[in-house]
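Open the model in your viewer and keep the selection tool ready. The tour goes stop by stop.

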Amino acid sequence: MTKGRHEYGIEFEPRLRIGNRMLIKYSLKEKSIFNEEGYVDVDSVQNIIFGRRDVLNMTNNFFISYIITPNMNLQLEARHYWSRGKYSSYHVLQNDGTLAANNYNYNSSADFNFNAVNIDFGFTWQFLPGSEMSVVYKNSILGLSNELKYNFGDDINQTLNLPQTNSLSIKILYYLDSEKLKKK
């Protein structure tokens, strides 16, 4: 472990069941890591550059499940992952695994602000024993920049304005009983 490295985290995960049909869950996880060493780059003379950084990781997850009938249900899950890293110094990786002073004056910024937002909406129907149809819509947003955001509202607003990827999938599984087919 890096000398002087320390971290702390917090988790909050309430659940609410409404009757026998609906479940709502929310999860907030935050982890802060201070004085962590991490890979940065390879410079122009092939030195491997590492840096000391402070990192914040935050995950918000919202989940709803609703049972329409014993054979049909709906699910919605929305997840936002945010990771922000600010470098305080840069060093050159030595052959013995230690870090030496940056004598080559690596002066680029490796600070990062990464976001991933995923929204999944699904419908599942078991129409016969062992046979099922599922329809799933997915929305995904990914963003990486060197511009650090310190305000959650500013960060999520910027992220939601990034290009999105959407997909729709339909899957049908049908159970065939080979014994019944042989008899016919």
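**Stop 1: the salt bridges**

The count of salt bridges comes to eight. Keep in mind that this is a predicted model.

Select Arg5 and Glu36 to begin. Their side chains meet in a salt bridge, at 3.8 Å from N to O. The two residues come from distant parts of the chain, 31 residues apart. Arginine 5 sits in the segment before strand E1 (6–12), and glutamate 36 is in strand E3. Check their surroundings too. Arginine 5 is partly exposed, at 21% relative accessible area. Glutamate 36 has 15% relative accessibility, so it counts as buried, the cut-off being under 20%.

Arginine 53 is buried, with a relative accessible area of 15%.

Now widen the selection to Arg5, Glu7, Lys31, Glu36 and Arg53. These residues are linked in a network of salt bridges. Side chains of opposite charge can pair when their charged atoms come close.

Jump to Asp120 and Lys138. They form a salt bridge as well, and the closest N and O atoms are 3.2 Å apart. Aspartate 120 belongs to strand E7 (residues 112–128) and lysine 138 to strand E8, 18 residues apart. Aspartate 120 is partly exposed at 24% relative accessibility. Lysine 138 is also partly exposed, at 38% relative accessible area.

**Stop 2: the nonpolar core**

Which residues make up the largest nonpolar core? Select Val40, Ile49, Val55, Tyr87, Tyr90, Val92, Ala110 and Phe112: these are its eight residues. E5 gives the most, with three residues. In soluble globular proteins, nonpolar side chains tend to be buried together.

Zoom in on Phe112. Beyond its neighbours up to four places away in sequence, phenylalanine 112 touches Arg53, Val55, Ser83, Arg84, Gly85, Tyr87, Leu144, Ser145 and Leu148. Arg53, from the salt-bridge network, is among these contacts.

**Stop 3**

Select Asn57 in strand E4. Is asparagine 57 buried or exposed? At 18% relative accessibility, asparagine 57 counts as buried. Its side chain makes a polar contact of 2.7 Å with the side chain of serine 83. Show the residues around Asn57 next. Setting aside those up to four places away in sequence, asparagine 57 touches Lys29, Glu30, Lys31, Ile33, Tyr81, Trp82 and Ser83.

Move to Ser27, in strand E3 (residues 22–42). Serine 27 is buried, with a relative accessible area of 10%. Leaving out neighbours within four places in sequence, serine 27 is in contact with Phe12, Glu13, Thr59, Asn60 and Asn61. Draw a distance to Arg15: the C-alpha atoms of serine 27 and arginine 15 are separated by 8.8 Å. The two residues are twelve apart along the chain.

**Stop 4: a nonpolar patch on the surface**

Select Phe121, Tyr137, Leu168, Ile170 and Ile172. Together they form a nonpolar patch with about 530 Å² of accessible area. Strand E9 (residues 164–173) gives the most to this patch, with three residues.

End on Tyr137, in strand E8 (residues 131–145). Tyrosine 137 is partly exposed, with a relative accessible area of 34%.

How values were computed:
Residues numbered from 1 in each chain as written. Predicted model: local features only at pLDDT ≥ 70, side-chain atom pairs only at ≥ 80, totals over all residues. Heavy atoms only, no water. Core = buried A, V, L, I, M, F, W, Y, C linked by side-chain atoms within 4.5 Å. Buried < 20%, exposed > 50% of the residue type's maximum accessible area, 1.4 Å probe, protein only. Helix = DSSP H or I, 4+ residues; strand = E, 2+ residues; numbered from the N terminus. Contact = heavy atoms within 4.5 Å. Patch = residues over 30% accessible without salt bridge, like charges linked within 9 Å, V, L, I, M, F, W, Y side chains within 5 Å. Areas by Shrake-Rupley, 256 points an atom, 1.4 Å probe, with all protein chains shown as cover. Salt bridge = Lys/Arg side-chain N within 4 Å of Asp/Glu carboxyl O. Polar contact = N/O pair within 3.5 Å; in protein donor to acceptor, adjacent residues only side chain to side chain.
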